[in-house]
Amino acid sequence: MNKIIHPFTYFYKSILLFFLYFFFKSKKKSCNICGSESFSIFFTSRNYLKKLRIVECNECNIKFQNPQLSDNGLNIYYKYVYRFDYIFRSRDNLFKREQRRGNYIIKYLIQNNISLNEKKIFEIGAGCGGIINQFKIQYNAQVEGIDLDEKTIKYGKHKDLNLKISTLESYIANTKFDIIILSHIIEHISDLNSFLKSLNKLSHRKTIFYIEGPGLQNQKVVDRKFSIQPGHLFYFDQASLYQILTKNNLRIINQNNVIQMILEHDA
């Protein structure tokens with residue numbers, strides 16, 4: 001079955017990516033973080049048949065994809081390309097993968113003495129809800145999440161999870177959360193400063209933030225060509241991510257170069 005599907009999937013994604021970058025390519029003239037107009041090429045590779053490029057800002061050392069897809073192009077990419085493989089597979093597989101990720105996150109939080117029992121937990125980019133499901137069943141947490149994928153949200157709702165189709169900016173919260181999870185999300189965000197400020201409406205003074213992404217110092221990420229793909233707009237190491245987070249009044253409690261980070265509001 002895979003031998004039949006794989007060539008078709010490869011061809012489909014290659015054609016769509018050429019189309020998207022032809023019509024929706026956005027070349028950045030300045031760094032989104034510091035405003036510098038001086039860049040150097042950091043890494044170039046192909047995603048399917050489309051050549052992508054990561055540049056490094058010569059002022060603040062942030063790495064980002066340039067050119068990249070515009071917001072409209074990214075919307076089409078996420079809708080028709082990003083999870084295209086799951087047309088041929090059950091979303092049970094995605095949910096189980098998310099559950100494993102949830103257990104991995106729980107282990108890291110527990111190792112850092114973060115209390116989880118009966119907490120209010122919110123996830124941005126929740127997919128099918130497998131991550132927050134683990135907090136719900138293991139720690140009786142009150143969980144909630146958002147995503148833009150209608151099919152994954154529908155699946156999660158059938159699992160009795162409180163999920164909604166929404167962006168962070170348009171989401172209206174009815175409560176403040178004790179833990180906010182961003183697992184492999186921040187590398188997808190085009191305006192990080194605005195996004196991080198929007199977290200304030202979900203959080204209280206003692207809220208814990210868990211942030212995870214494909215770190216540039218992680219050998220597995222390096223071996224996968226830095227996980228380069230159209231949806232990954234930024235590429236972080238600990239130092240560059242530290243710059244952005246502290247600029248937005250978040251203090252790091254613990255971190256590693258995978259990247260996993262636990263943060264709280266900087267008093």
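Two packed helices are described by the angle between their axes and the distance between the axes. In the predicted model, helix α3, which spans residues 91–111, packs against helix α4, residues 130–139, at an angle of about 60°, and the two axes lie 7 Å apart. The helices α3 and α4 are therefore oblique to each other, and the crossing in which α3 passes α4 is right-handed. On the side of α3, the contact is formed by F95, E98, Q99, R101, G102, N103, I105, I106, L109 and I110, whereas α4 contributes G130, I131, N133, Q134, F135, Q138 and Y139. Classed by residue type, this contact of α3 with α4 comprises eight nonpolar, seven polar and two charged residues.

Helix α3 also packs against helix α5, residues 150–158, in this case at an angle of about 75° and with the axes 11 Å apart. Because angles of 65 to 115 degrees count as roughly perpendicular, α3 is described as roughly perpendicular to α5. The residues of α3 that take part are R91, D92, L94 and F95, which meet K151, T152 and Y155 of α5. By class, three nonpolar, one polar and three charged residues make up the contact of α3 with α5.

Rolling a probe the size of a water molecule over the atoms shows where empty space is left. With a threshold of 30 Å³ or more, the count comes to one cavity, and the largest cavity holds about 60 Å³ of space. The lining of the largest cavity is formed by K28, S30, C31, N32, F64, Q68, S190, L233 and F234, and these lining residues divide into four nonpolar, four polar and one charged.

Several features of the backbone were also noted. Most residues other than glycine have a negative phi, and most peptide bonds are trans. A cis peptide bond, with omega about 0°, joins N66 and P67, and P67 is placed in the loop between β4 (63–65) and β5 (68–69). The peptide bond from V258 to I259 is likewise cis, with omega near 15°, and I259 lies in the loop between β12 (250–256) and β13 (260–265). A positive phi, near 50°, is found at N140, a residue other than glycine, and N140 is located in the loop between α4 and β7 (142–147).

When residues up to four places away in sequence are not counted, N256 touches Y108 and Q238. Between N256 and S190, the separation is 66 residues in sequence and 24 Å in space, taken from C-alpha to C-alpha; S190 is itself one of the residues that line the largest cavity.

Definitions and conventions:
Residues are numbered from 1 along each chain as its sequence is written. This is a predicted model: local features need pLDDT of at least 70, side-chain atom pairs count only at pLDDT 80 or more; totals for chains, interfaces and linings use all residues. Side-chain values use heavy atoms; hydrogens and water are left out. Axes are lines fitted to C-alpha atoms, for helices over the stretch in contact, and angles run from 0 to 180 degrees between N-to-C directions. Helices (H or I, at least four residues) and strands (E, at least two) are DSSP runs, numbered from the N terminus. Angles under 35 degrees count as roughly parallel, over 145 as roughly antiparallel, 65 to 115 as roughly perpendicular and the rest as oblique. Contact means heavy atoms within 4.5 Å. Ala, Val, Leu, Ile, Met, Phe, Trp, Tyr, Cys and Pro count as nonpolar, Asp, Glu, Lys and Arg as charged, and the others, Gly among them, as polar. On a 1 Å grid over the protein atoms alone, a cavity is a set of points where a 1.4 Å probe fits but cannot get out, and a pocket is an open set with protein on both sides within 12 Å along at least five of seven lines; lining residues have an atom within 4 Å of a point. Grid points are joined across faces, edges and corners, and a volume is the space filled by probe spheres set on the points. A crossing is left-handed if the near helix is turned anticlockwise from the far one by less than a right angle, and right-handed if clockwise.
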